[in-house]
Amino acid sequence: MYDAATTALIAALPQPVLLIDMAGIVKSANPNAVDLFGSHIKGAQIRAHLRQPDVAGMLDRVLGGAHRGSANFISSAGSRETVWHVTARHVDDRTVVLSLGDVSDIEAAEAQRRDFVANVSHELRSPLTVLSGFIETLQGPAGDDVVARGEFLAIMADQAERMTGLVADLLSLSRVESTEKIRPRTVTSIDMVLKATLAALRPQIEAAQITISYQVAPDIADMPGDYDQLVQVFHNLIENAIKYGYGGGRIDVTAQHMPSMPGFEGAVLRVSIRDYGEGIDPVHIPRLTERFYRVDKARSRDSGGTGLGLAIVKHILSRHRGRLIIRSAQGEGTTFDVVLPCIPSATISDNPEQ
């Protein structure tokens, strides 16, 4: 029924492709389709393998006379799900060609976009609601109450600052993502990065009455890196240690050169930020770099956190081919290790987060 040219053509296509007759029987399948469905797919009823309602309905319409149709089909292999976009089109009045394109990444990106928009909307809605409520109150009788007006304006200023911080972090995250695939080549002093960061955070450190232990050799090797982005990394990490490790009264900042480390080619720099606070339940650690993920939502918002700081850190380190390692136990504090390659050609393995 199908000549050698047709068989060779569908075999050359990169996606799974099947030819079926008007009864839904598979007459030909290319190697990718055989890999997906198994060798028994040839001669089988396609409806038996694509039994999900959307795809089954689409097949009924096309085999019933519609010129073409499409629907999504989800296949599972262990814990991994793949989303296939199935397209069916008539070749002639006796044959339908069925192709499957893997759209898992597109679907995942769209789901992330929806979640991101929902989270941003939620994060902005709360302070906007507070501001609207206080503005309405101040426009009424409370406008003549000097004490209440002062309290309300202070709260409104805090909420406005919270929104400003959120917008700033969103813009920062967008900039970082836009350059994530461009490897930095300029040479940077990690000692200068850390000292500049601590100088900028000095008011917060003094207000929290925290002692900083700084153990970084002045002659520690320079490394390829974006100075401003690395300052942002350590600003976020040290600021987190100040906010959430305050009970310990001390933060250790150390850096050391290591000739090798699993997952890297060549020497690396490991910078550790350790606090002595209450620590983090290990169950939260794998999700800490997710956008808007907070261990303690109330405390994070009260302290001005946007839930984006560690997500920004993750993307900057990805650009630098680095790794963030988080170690913590409740009651024992938390350590954030930043590992950065010392040479431009150094690369990291496919699973950079631990």
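Thanks, everyone. Let's start with helix α5, where Ala 148, Phe 152, Met 156, Gln 159, Arg 162, Met 163, Leu 166, Leu 170, Ser 172, Leu 173 and Val 176 are buried. Please keep in mind that this is a predicted model.

How far apart are the end C-alpha atoms of α5? They are 48 Å apart, and that agrees with the 48 Å that 33 residues should span at 1.5 Å a residue.

Phe 152 has 18% relative accessibility, so with buried meaning under 20%, it counts as buried. Together Phe 134 and Phe 152 make a tilted aromatic pair, with 4.6 Å from centre to centre and 35° between the planes. The structure holds one aromatic pair, and this is it. Phe 134 sits in helix α4, residues 104-138, and Phe 152 in α5, so the pair ties together parts that are 18 residues apart in sequence.

On to the core. The largest nonpolar core has 47 residues, and the members that touch the most others are Ile 190, Val 233, Phe 234, Leu 237, Ile 273, Leu 324 and Val 338. Which elements each supply at least two residues of this core? On the helix side we have α5 (146-178), α6 (190-200), α8 (227-244) and α10 (309-319). On the strand side there are β9 (250-258), β10 (268-275), β11 (323-328) and β12 (334-341). It is α8 that gives the most, with eight residues. As a general reminder, nonpolar side chains in soluble globular proteins tend to be buried together.

Setting aside neighbours within four places in sequence, Val 233 is in contact with Val 313, Ile 316, Leu 317 and Val 338. There is also a second, separate core of 22 residues, including Val 55, Ala 71, Phe 73 and Leu 98.

Last stop, helix α10. Is α10 mostly covered or mostly open? It is mostly covered, as eight of its eleven residues are buried. Those buried residues are Leu 310, Ala 311, Ile 312, Val 313, His 315, Ile 316, Leu 317 and Arg 319. Among the elements covering them are α5, α8, β11 and β12. And just after α10, have a look at Arg 321, which takes a positive phi of about 60°.

That's my tour, and I'm happy to go back to any part of it.

Conventions:
Residues are numbered from 1 along each chain as its sequence is written. This is a predicted model: local features need pLDDT of at least 70, side-chain atom pairs count only at pLDDT 80 or more; totals for chains, interfaces and linings use all residues. Side-chain values use heavy atoms; hydrogens and water are left out. A nonpolar core is a set of buried Ala, Val, Leu, Ile, Met, Phe, Trp, Tyr and Cys residues joined through side-chain atoms within 4.5 Å. Buried means under 20% relative accessible area, exposed over 50%, partly exposed in between (1.4 Å probe, protein chains only). Helices (H or I, at least four residues) and strands (E, at least two) are DSSP runs, numbered from the N terminus. Contact means heavy atoms within 4.5 Å. The expected span of a helix is 1.5 Å times one less than its number of residues. Rings of Phe, Tyr and Trp (its six-membered ring) pair if their centres lie within 6.5 Å; planes under 30 degrees apart count as stacked, over 60 as edge-to-face and the rest as tilted.
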